[in-house]
Each structure stands twice: as structure tokens, then as C-alpha cells.
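This report concerns one protein model. Please consult the sequence and structure shown here before reading the sections below.

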Amino acid sequence: MSIKDIITVPDETLKKISEPVEKIGVNEKKLINDLFETMYNSKGIGLAAVQVGILKRILVIDVSSKDEKKQPLSFINPSIKKVSNEMSIYEEGCLSIPETFIEIERPKICEVEYIDLNGKKRSMKCDGLLSTCLQHEINHLDGKLIIDHLSKLKRDIIIKKISKSKKNPDRILV
Ligand code: NI
């Protein structure tokens, strides 16, 4: 396992659409292990392969809290099949956009289909923090960042001057 460099804005790779994974081999398994190690090292709760410069539809998540046992989840070719009308708001950060937190409203519950490490098709119903984190990471696979929820003007200001913002209990880093 190794810790990879996380790419940050304005790296154009972050805007690219990741390719579906056709076969899960040694490289994909190693990539998933590296993503976990890189994510834990950066104190994030989610990381997509594109964030280490690899355009494959793979992401990892662990939303367990500090004092809990680790709950590593990996998703290959994830796609959201259903979302709730009910929404939730978190102040989201992103490992690819340093020191920036943006309030984003997303469906509170989502159902995702994906492939697991053994190539088996699975589905999962996600709620709350896990739902938000998963939607954030799937956005990465489609080249979309949290700053794309803002106007171009605000986005440009953030990219120019990575802003510091206030503390918030629901702040997450994904
Ligand atoms: Ni992110």
C-alpha cells in the first residue's frame, strides 16, 4: 500500500469523466488499498480515484467516527438509482479544494448500485452522512466538484484565493 498525492484545483483532470471498470484485477485492488490509505492519511471520509489522477469509476468511503471501529466501504462503477425527496444539508469540504467549505443540499437518502471487490453486483441504501458522501464522490467520477454548485464568480474567487471558513459541527471532508 502507498499514500498517493491528491490532486487539487485547478488541475483539469478533476473535470474529466472517469471510465467504468471492466475487470477487477490486481491493479484495481491495489488502487483501492491506496485510496483507503491516502484517505485515512488526509483525515477524509471519502476519496475517488480521479483525486489521485486515475480516471476509473472507483471510490472509497469511511464515515465511522474517530472512536468507532473503521468501516471501510469501496464502490466500483457506482450509480444512484433512487433518491428521496427529503433533503439534508452538510457543510462539505473536499480534499481536492483545500480550506474551502460549502453548504450543499442533497437528497437525504439514496440507493446505489455498484460492483464489489469480487465483481459481484450489489446495492445499498444510504442515509445521512453516508448518502451525502457517496453523492459527493460520484460527482467526482463525473468531473463535478462542490464549487460547481456555486456561481462562476464565486467559484473563480475560491480557486484564486483558497478561503478559510468558520467551524461547523456538520463539516465533512470528502
Ligand atoms: Ni471531494
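## Basis of the model

The model is predicted, and local features require a pLDDT of at least 70, side-chain atom pairs count only at pLDDT 80 or more, and totals for chains, interfaces and linings use all residues. Residues are numbered from 1 along each chain as its sequence is written, and side-chain values rest on heavy atoms, with hydrogens and water left out.

## Nonpolar cores

The largest nonpolar core has 18 residues, of which L59, I61, F75, V112, C126 and L134 touch the most other members. A nonpolar core is a set of buried Ala, Val, Leu, Ile, Met, Phe, Trp, Tyr and Cys residues joined through side-chain atoms within 4.5 Å; buried means under 20% relative accessible area, exposed over 50%, and partly exposed in between, with a 1.4 Å probe and protein chains only. At least two residues of this core come from each of β2 (58-61), β6 (109-115) and α2 (128-141), and α2 supplies the largest share, 5 residues. Helices (H or I, at least four residues) and strands (E, at least two) are DSSP runs, numbered from the N terminus.

Beyond its neighbours within four places in sequence, L59 is in contact (heavy atoms within 4.5 Å) with L47, A48, L73, S74, F75, P78, L134, E137, I138 and L141. A second, separate core of 13 residues includes L35, L47, I58 and I76.

L130 is found in helix α2 and is buried, with a relative accessible area of 14%. Apart from its neighbours within four places in sequence, L130 is in contact with I61, V63, L73 and M124. The C-alpha atoms of L130 and I61 are 8.1 Å apart, although 69 residues separate the two along the chain.

E137 also has its place in helix α2. Outside the four places on either side in sequence, the contacts of E137 are G46, L47, A48, Q51, L59, I61 and V174.

## Largest pocket

The largest pocket is lined by 18 residues, of which K43, G44, I45, S64 and K66 lie nearest its centre. Strand β8 (residues 171-173) gives the largest share of the lining, 3 residues.

On a 1 Å grid over the protein atoms alone, a pocket is an open set of points where a 1.4 Å probe fits, with protein on both sides within 12 Å along at least five of seven lines; lining residues have an atom within 4 Å of a point.

## Salt bridges

The count comes to 11 salt bridges, each a side-chain nitrogen of Lys or Arg within 4 Å of a carboxyl oxygen of Asp or Glu. E92 and R106 form one of these, at 2.8 Å from N to O. E92 lies in strand β4 (residues 87-94) and R106 in strand β5 (residues 97-107), so the pair ties together parts that are 14 residues apart in sequence. Both partners are buried: E92 has a relative accessible area of 0%, and R106 has 5%.

D116 and R122 meet in a salt bridge at 2.6 Å, N to O; D116 is buried at 10% relative accessibility, whereas R122 is partly exposed at 37%. Salt bridges that share partners also join K4, K30 and D34 into one network.
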